[in-house]
Amino acid sequence: MTRAAKLTFEDKTIELPVIEGSEGELAVDITQLRAEMGLITLDPAFGNTGACTSAITYIDGEKGILRYRGYPIEQLAEHSSFIETAWLLIFGKLPTRAELDRFSAQLTAHAPLHESFKHHFEGFPVNAPPMAMLSAMINTLSCFHPEAQDLDEAAFFEEAARLVSKVRTIAAYSYRRSLGLPFIYPDPKLRYVANFLHMMFSMPYDQHVATREVIEALNLILLLHADHEQNCSTSTVRVVGSSRANLFASCAAGVSALWGPLHGGANVAVLEMLEAIHKGGMSAEQTLALAKDKKSGFKLMGFGHRVYKNFDPRAVILKRSADKVLGQLGVNDPLLDIARRLEELALSDSYFVERMLYPNVDFYSGILMRAMGIPTNMFTVIFAIGRMPGWIAHWKEQHETEGMRIARPRQIYTGPRETNYLPMAERK
Ligand code: ACO
């Protein structure tokens, strides 16, 4: 029997079907609300709005659960790789050996960029932010691969592999451009993460060889960022994709959304905050007091989450990994001590406890990347490389959904009522 919610407004009542997700979450289906009642809903920032059904990622924010296609993030972090997880997200199941080998071969084949890309990069000022270049260059892929518009299964596989692979080359080239360094071609003998580090840090006369610890840690960071259901950037990819914009254009928009400091840009903001404390600008206690003062407009970066109200399971894994990797690399980073102190203070402060504000994934990822020698301006870019499989998976799911319609929210208009045009001479 279908369950229903009743909504009464003035003399009319409507029964709205209640649909149930596979983990028991309930949603009131309001698709007929406006047609039958003349009402719309108002939910700024979409805190109570399900924009779609999705079978990709499950989060229970109260319990701190995150699963990709049903698999707990802790198990994937322990046993899987970023590329295997990318396949899982995009194609819905763990790959067989043959499928994974085929995907890896495609990633290797697609790693180089068309030579003309170099001219595009050279057009950017040397101090251009890598996130700006990343977004622009992903969009530029549409110029070189216009076939990305209407994709059958085989073509989609090709474009997905192309994007997962090239985003890493574009990211590395953006970094090289920001330092005025020569571009380093991908090395087909190297695997995904090692190849990225090679393109970032090698010189034409000196090949950079990343350590196992660094490769494993970056693999973990990418895997942990690979999807997070309907977050700001993924929703952006879906909104853009709903207009039937191609895969590259849709994901380029996702990069722009991710850039902001309240989303992926928070990993940079966390580092800047920790550095400011370290340089003696403010103590940890003063930083906390500022974050609690609503008038300051300042937030404790790397804390809080729209969905997690208990703990962010990714932050737990990353904190453990930061402890381990910094030890393995022999890095003694005072910023890690400051981060630990801030966390300790915040978790025993009633402001943060009452609002259920816990460290999120960005709180420890920056420290880990810094220890690996990754420059701060690349943190959000690395988040974008990690999130790419998630964006692609959502774009695919959306395009496979029967009856997909363009996303077009409504509004409550609060501007002037009809006003007659005033000739210039009569205006005050
Ligand atoms: N520092 C201080 N206060 C905070 C913080 C914070 N980091 N986060 C939330 N709050 C406060 C809010 O001001 C609000 O206070 P009020 O109830 O007195 O008005 C209360 O806590 C509840 O806030 P939410 O509604 O849970 O916050 P929202 O869902 O709107 O925003 C967000 C979530 C953007 C992540 C926010 O917590 C924030 O700005 N955090 C810092 C930036 C950050 O780390 N972003 C990364 C998020 S994870 C990711 O995108 C990968």
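The lining of the largest cavity splits by class into 4 nonpolar, 1 polar and 2 charged residues. Here Ala, Val, Leu, Ile, Met, Phe, Trp, Tyr, Cys and Pro count as nonpolar, Asp, Glu, Lys and Arg as charged, and the others, Gly among them, as polar. This is a predicted model: local features need pLDDT of at least 70, side-chain atom pairs count only at pLDDT 80 or more, and totals for chains, interfaces and linings use all residues. Residues are numbered from 1 along each chain as its sequence is written, and side-chain values use heavy atoms, with hydrogens and water left out.

**Cavity**

- The whole structure holds 1 cavity of 30 Å³ or more.
- A cavity is a set of points on a 1 Å grid over the protein atoms alone where a 1.4 Å probe fits but cannot get out.

- F117 sits in helix α5, residues 116-122. Helices are DSSP runs (H or I, at least four residues), numbered from the N terminus.
- F117 counts as buried because its relative accessibility is 1%. Buried means under 20% relative accessible area (1.4 Å probe, protein chains only).
- Leaving out residues up to four places away in sequence, F117 touches M137, T140, L141, F144 and I170. Contact means heavy atoms within 4.5 Å.
- M200 is 83 residues from F117 along the chain, and their C-alpha atoms are 16 Å apart.

**Helix α11**

- Helix α11 covers residues 247-259, 13 residues in total.
- From first C-alpha to last, α11 reaches 19 Å, close to the 18 Å expected at 1.5 Å a residue. The expected span is 1.5 Å times one less than the number of residues.
- α11 is mostly covered, with 10 of its 13 residues buried. Among them are L247, F248, C251 and V255.
- The cover over these buried residues includes α6 (130-144), α7 (153-179), α10 (232-242) and α18 (379-400).
- N246 caps the N-terminal end of α11. A side-chain oxygen of N246 lies 2.8 Å from the backbone nitrogen of F248.

**E213**

- E213 belongs to helix α9, residues 212-224.
- Relative accessibility is 19% at E213, so E213 counts as buried.
- E213 touches Q328 and L329, not counting residues up to four places away in sequence.

Methods. Helices (H or I, at least four residues) and strands (E, at least two) are DSSP runs, numbered from the N terminus. Buried means under 20% relative accessible area, exposed over 50%, partly exposed in between (1.4 Å probe, protein chains only). A polar contact is a pair of N or O atoms within 3.5 Å; within protein, one must be able to donate a hydrogen and the other to accept it, and residues adjacent in sequence count only if both atoms are side-chain atoms. On a 1 Å grid over the protein atoms alone, a cavity is a set of points where a 1.4 Å probe fits but cannot get out, and a pocket is an open set with protein on both sides within 12 Å along at least five of seven lines; lining residues have an atom within 4 Å of a point. Grid points are joined across faces, edges and corners, and a volume is the space filled by probe spheres set on the points.
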